[in-house]
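Please look through the following model together with its sequence, and then work through the questions and answers below it.

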Amino acid sequence: GLCSGPSDPGRHGWGSWGPGCANLRDPLPGLRLGSLGWGMGSGGRAEARALPHRETIGTYNCVNVLLPRDAAQLFQSEGIFPRRMGIESWIAHRQIRNHKCGIFLLNGEEWRSDRLILNKEVISPAGTRKFLPFLNAVAQDFVTLMHRRISKNTRRSLTIDLYGDLFRFTLEGSSYALYGERLGLLEESPNAESQRFISAVETMLRTTLPLLFIPPGLMRWVNTKLWRDHIEAWDTIFKHADKCIQNIYQEFCLGQPRKYSGIMAELLMQAELPLDSIKANVTEFTAGGVDTTAMPLLFTLFELARNPSVQTAIRREIAEAESQGPRELSKVLNSMPLLKSALKETLRLYPVGITVQRYPTKDVVLQNYCVPAGTLCQVGLYAMGRSPEVFSNPERYDPLRWLSKEDNSFKALAFGFGARQCIGRRLAETEMMLFLMHVLRNFRIDTVSKADIKTVFGFILMPEKPPLLTFRPID
Ligand code: HEM
């Protein structure tokens with residue numbers, strides 16, 4: 001866990017921490033530590049010694065939290081404005097183009113006031129209920145796409161690396177919920193404008209990672225192509241938001257009957273946030289929600305493929321939920337606890353962001369060490385998820401563990417915690433559940449290899465080599 005040194009509750013400050021103190025053991029098994037950068041590892045002299053093949057840029061003091069009870073302590077000390085480290089290249093784009101920052105990049109009062117307004121449409125149960133039918137339609141289209149592909153195949157099955165399709169699915173789903181417009185990414189040939197948008201999102205994500213390692217002042221000079229591509233990609237994403245805003249205003253002007261047209265339209269209508277804040281937030285949501293949702297879907301399909309009994313149990317649960325007749329989608333989802341637990345289980349083994357960071361606003365005592373206010377503390381999600389101290393048989397994919405009577409508090413932290421937890425959590429969870437609900441009732445999923453997937457960290461946790469999955473229609 002955190003430092004497991006001698007008990008000394010009064011200890012304060014860094015000087016007294018011995019080498020054994022920042023005892024991380026193997027903090028991220030299966031992960032290439034060399035690919036970690038900025039705040040994702042943990043600085044500090046002692047720990048650097050424990051991890052000889054780690055690359056660090058400079059040093060910084062950091063406490064790693066690996067046990068649920070310490071995470072609970074930490075979150076209790078997060079204050080009312082939990083601070084986030086910025087992504088400099090994203091902030092630089094906003095400055096150059098004179099755009100506002102969204103909540104991902106803001107801190108303090110500004111963050112809190114915008115966040116409280118956004119919560120109502122993005123994460124509250126009432127807001128979520130409104131966009132569920134949009135996500136459902138996209139999940140159904142994904143199934144149609146797979147049927148179409150399989151029908152062209154004489155073998156009545158399809159073996160595929162699904163990552164690209166999942167990326168298109170999540171971008172299509174979140175864009176529909178955010179902008180109220182379909183991009184057509186699941187059609188045979190998406191139009192040129194949609195193609196431009198998806199390439200921009202891909203480029204923006206691809207260029208963000210290398211730019212994390214370059215000090216902000218040097219960014220534009222060190223690798224001009226990388227920098228130019230990054231800025232142009234953001235410009236295209238912002239232009240897309242502009243175009244959608246114009247379409248929404250046109251609908252208002254035409255006096256068409258008021259109907260739900262996605263999160264951005266609701267925010268424009270309510271006019272509680274200035275237009276440029278709405279635009280900045282919606283573009284950040286676009287960026288934050290694509291890969292983050294596609295990866296757990298890929299890992300879930302793989303785990304269900306190599307654990308056929310779990311797959312069958314979930315399929316049975318889906319059939320039971322449907323046998324109760326047509327109901328509101330939120331009720332259907334609530335009647336599938338095993339499916340929900342499967343997603344939790346995936347995020348335990350493959351948390352998208354491998355750590356959650358906090359800077360406690362008051363001194364906090366963790367394992368008898370007094371950690372000074374303002375210290376960077378990281379909850380090591382990957383390490384905690386695979387620790388036998390926290391989960392019995394941690395290597396087993398067992399969704400039932402989340403439905404047992406065990407105390408599971410502060411064990412499922414893949415979306416963070418508290419006021420600054422992931423605002424896209426409900427969007428991601430419902431999108432993933434609807435996807436799996438439709439896919440599992442239509443197809444049996446198999447995997448070419450049952451061997452563990454090696455993972456790498458590239459801004460988010462991803463497979464070193466995506467698994468090959470086989471889809472067979474259920475008659
Ligand atoms: C499975 C998918 C996802 C995972 C695992 C995930 C995970 C996270 C985590 C760990 C945080 C930091 C939370 C904290 O510090 O307590 C976060 C923040 C955030 N996420 Fe997600 N996320 C996912 C999907 C999404 C989606 C779909 C969106 C789009 C709306 C999104 C938008 C954001 C934003 C804007 C923040 C910053 C919130 C703030 O600072 O107030 N995420 N996410």
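**Reading the model, residue by residue**

Phe-410 is found in the loop between H16 and H17, where helices (H or I, at least four residues) and strands (E, at least two) are DSSP runs, numbered from the N terminus. This is a predicted model, in which local features need pLDDT of at least 70 and side-chain atom pairs count only at pLDDT 80 or more, while totals for chains, interfaces and linings use all residues. Residues are numbered from 1 along each chain as its sequence is written.

Q: Is Phe-410 buried or exposed?
A: A residue is called buried if 20 or more other C-beta atoms lie within 10 Å of its own, exposed if 12 or fewer, and partly exposed in between, with C-beta atoms placed from the backbone. Phe-410 has 20 other C-beta atoms within 10 Å, and therefore Phe-410 is buried.

Q: Is Asn-98, which has a positive phi of about 60 degrees, buried or exposed?
A: Asn-98 is not a glycine, and it is found in the loop between helix H3 (88-96) and helix H4 (108-122). Because 7 other C-beta atoms lie within 10 Å of Asn-98, this residue is exposed.

Q: Which residues does Lys-100 touch, not counting residues up to four places away in sequence?
A: Lys-100 lies in the loop between H3 and H4, and it is partly exposed, with 18 other C-beta atoms within 10 Å. The C-alpha atoms of Lys-100 and Asn-281 are separated by 8.8 Å, although these residues are 181 residues apart along the chain. Two residues are in contact if their C-beta atoms, placed from the backbone, lie within 7 Å. With sequence neighbours up to four places away left out, Lys-100 touches Arg-94, Asp-276, Ser-277 and Ala-280.

Q: Which residues come nearest to the ligand?
A: A residue is near a molecule if its C-beta atom, placed from the backbone, lies within 6 Å of it. There are 26 residues around the ligand, and those that come nearest are Gly-288, Gly-289, Gly-416, Cys-422 and Gly-424.

Q: Which elements give two or more residues to the shell around the ligand?
A: The shell contains 13 nonpolar, nine polar and four charged residues, where Ala, Val, Leu, Ile, Met, Phe, Trp, Tyr, Cys and Pro count as nonpolar, Asp, Glu, Lys and Arg as charged, and the others, Gly among them, as polar. The elements that give two or more residues are helix H11 (275-288), helix H12 (291-306) and helix H17 (425-442).

Q: How many helices and strands does the secondary structure of the protein chain come to?
A: The protein chain has 475 residues, of which 40% count as buried. Its secondary structure comes to 17 helices and ten strands.
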